[in-house]
2 protein chains.
Amino acid sequence: MNEGETRKPIIVLVRPQLGENIGKAARAMLNFGLTEMRLVEPRDGWPNPSAGPAASGADIVLNRAQVYASTADAVADCAHVYATTVRKRGVTKPVVTPAEASSEIAAAQGRSAILFGPERSGLETEDVALARAILTVPINPEFGSLNLAQAVILCAYECSKHEGLVQPTQEDLLPPAPQEELDGLIAHLESMLEPKGYFRPEARAEATRRTLRGVLTKPAWNHLEVRTLRGVLSSLQREPRL
Amino acid sequence: MNEGETRKPIIVLVRPQLGENIGKAARAMLNFGLTEMRLVEPRDGWPNPSAGPAASGADIVLNRAQVYASTADAVADCAHVYATTVRKRGVTKPVVTPAEASSEIAAAQGRSAILFGPERSGLETEDVALARAILTVPINPEFGSLNLAQAVILCAYECSKHEGLVQPTQEDLLPPAPQEELDGLIAHLESMLEPKGYFRPEARAEATRRTLRGVLTKPAWNHLEVRTLRGVLSSLQREPRL
């Protein structure tokens, strides 16, 4: 994969329901030069016989599509994750338009992924928690009826505007660490907090974990910064040194 | 119709074939606040029973749609006519992108119309001849497979950028915490790291402090986030709770 390809976003369909919609999303992607699709727990399994006919020839996208068991797995190697939502949620993350997101993605170091939720219900809160930013298409407030393929095509279209453009270089800036390094940091901290009762009462544990993840996801720390923080945690676990 | 409405383009479907596609186009339009559709010689007549279900509730667009006997009639009252084509033709007219056309339309005096051809064949040369400019969506040269509703939605989406549609706001995002709160967090962490020997050897202490401050300054955490992290540190200082 050449450098141009790795600057294009990965389209992640989270728990898509109909194979037909997966095919339509593939067609929407390829119209604007996006080829990398990932599927998280597609409802009807994969491959899906309904996807091919709906893709209208975008088979290359479907054939290359990778299936993942969880959203976290699907974005583990991504430095920039966007969660598409129709409405605002109770999460305090930056909210960007497709145009803004595509500008960021074109200039970004490291891979980017855009998450799209199931047709009917959209992304779950824990999917959104993995993202650095919310991507929302500004839509008619009195008639919001964007289907999956339409949401995908608008994002793909905006990203295509940045193709062939000379991007400003950020060579002196390291990209955000891959998601799995961040997950390692979070798991390390949680393992230290668990025995201290930080996640009690149990009923609040999930919300507390989400809050903590939100605080630690926001910085977009790079590899070196994550390593520094892992060192901090290891140091705190040591016995005092006199 | 108020002034804002008359600045929005009229979507003209020239000899559309399937009622379903007319309905999908209506849905695409209304998502981005366009309500005026005109139909030139719809193949299966009008109204068409397949249009309503495909419009997913955008009935207002279908109910208001006007039928014309010719493309010239349909745009007789329009000052600015754009003809969408996939490929450039042997016509010498300006070629614009959806983004450029929507900027022109938003700034234009008089009504604007965007012509879309039949699903299979596209606009005829005589339709294109009515237009001041050709509107072409820059598409993957190796896979051009944009259907009618997709072409409509991209144009409607671009036009909506010039409308007062509700943009995603960031009002729910708090500003970064005051420096003294961040300093309090850093001092708290340093006081925990000090007895663990984190800042040794002494010669490296200052650089290590600077690195740590850099990592913790980058996130621009807000007041609540800093408070969460102070809680994390306090929890780590506690004795384990069984």
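Biologist: How many residue pairs are in polar contact between chain A and chain B?

Modeller: In this predicted model, the count between chain A and chain B comes to 22 residue pairs in polar contact, with both residues at pLDDT 80 or more. On the side of chain A that touches chain B, the elements giving two or more residues are helices H2 (19-31), H6 (98-107), H8 (148-160), H9 (179-193), H10 (202-217) and H11 (223-237) of chain A. H11(A) gives the most to that side, with seven residues, and by class the side of chain A that touches chain B has 35 nonpolar, 19 polar and 13 charged residues.

Biologist: Which residue of chain B forms a salt bridge with Glu158(A)?

Modeller: The partner is Lys161(B), and the closest N and O atoms of this salt bridge are 2.5 Å apart. Between chain A and chain B the count is four salt bridges.

Biologist: How should I read the area that chain A and chain B bury between them?

Modeller: The size of an interface is often given as the accessible area lost when the parts come together. Here chain A and chain B bury about 5,500 Å² between them, and 58% of that area is on carbon and sulfur atoms. The contact draws on 67 residues from chain A and 67 residues from chain B.

Biologist: How many aromatic pairs does the structure hold, over all chains?

Modeller: A pair of aromatic rings is described by the distance of the centres and the angle of the planes. The structure holds six aromatic pairs over all chains. In one of them, the rings of Tyr157(A) and Tyr157(B) have centres 6.4 Å apart and planes at 80°, so the pair is edge-to-face. Because Tyr157(A) lies in helix H8 of chain A and Tyr157(B) in helix H8 (residues 148-160) of chain B, the pair joins two chains.

Biologist: What is the peptide bond from Trp46(A) to Pro47(A), cis or trans?

Modeller: The bond from Trp46(A) to Pro47(A) is cis, with omega near 5°, and Pro47(A) is found in the loop between strand S2 (37-40) and helix H3 (51-54) of chain A. In chain B, a cis peptide bond joins Trp46(B) and Pro47(B), with omega about 0°, and Pro47(B) is in the loop between strand S2 (37-40) and helix H3 (51-54) of chain B.

Biologist: Where does Arg15(B) lie?

Modeller: Arg15(B) is in the loop between strand S1 (10-14) and helix H2 (19-31) of chain B, and phi of Arg15(B) is near 45°, a positive value in a residue other than glycine.

Biologist: Over which residues of chain A does pLDDT stay under 50?

Modeller: Chain A has a mean pLDDT of 89, with 91% of its residues reaching 70 or more. Over residues 165-172 of chain A, however, pLDDT stays under 50, and for these residues the model has seven contacts beyond four places in sequence.

Technical notes
Residues are numbered from 1 along each chain as its sequence is written. Chains are lettered from A and ligands numbered from 1 in the order in which they are written. This is a predicted model: local features need pLDDT of at least 70, side-chain atom pairs count only at pLDDT 80 or more; totals for chains, interfaces and linings use all residues. Side-chain values use heavy atoms; hydrogens and water are left out. Contact means heavy atoms within 4.5 Å. Buried area is the accessible area (1.4 Å probe) that two parts lose on being put together, summed over both. A salt bridge is a side-chain nitrogen of Lys or Arg within 4 Å of a carboxyl oxygen of Asp or Glu. A polar contact is a pair of N or O atoms within 3.5 Å; within protein, one must be able to donate a hydrogen and the other to accept it, and residues adjacent in sequence count only if both atoms are side-chain atoms. Helices (H or I, at least four residues) and strands (E, at least two) are DSSP runs, numbered from the N terminus. Ala, Val, Leu, Ile, Met, Phe, Trp, Tyr, Cys and Pro count as nonpolar, Asp, Glu, Lys and Arg as charged, and the others, Gly among them, as polar. pLDDT is the predictor's confidence in each residue, from 0 to 100. Rings of Phe, Tyr and Trp (its six-membered ring) pair if their centres lie within 6.5 Å; planes under 30 degrees apart count as stacked, over 60 as edge-to-face and the rest as tilted.
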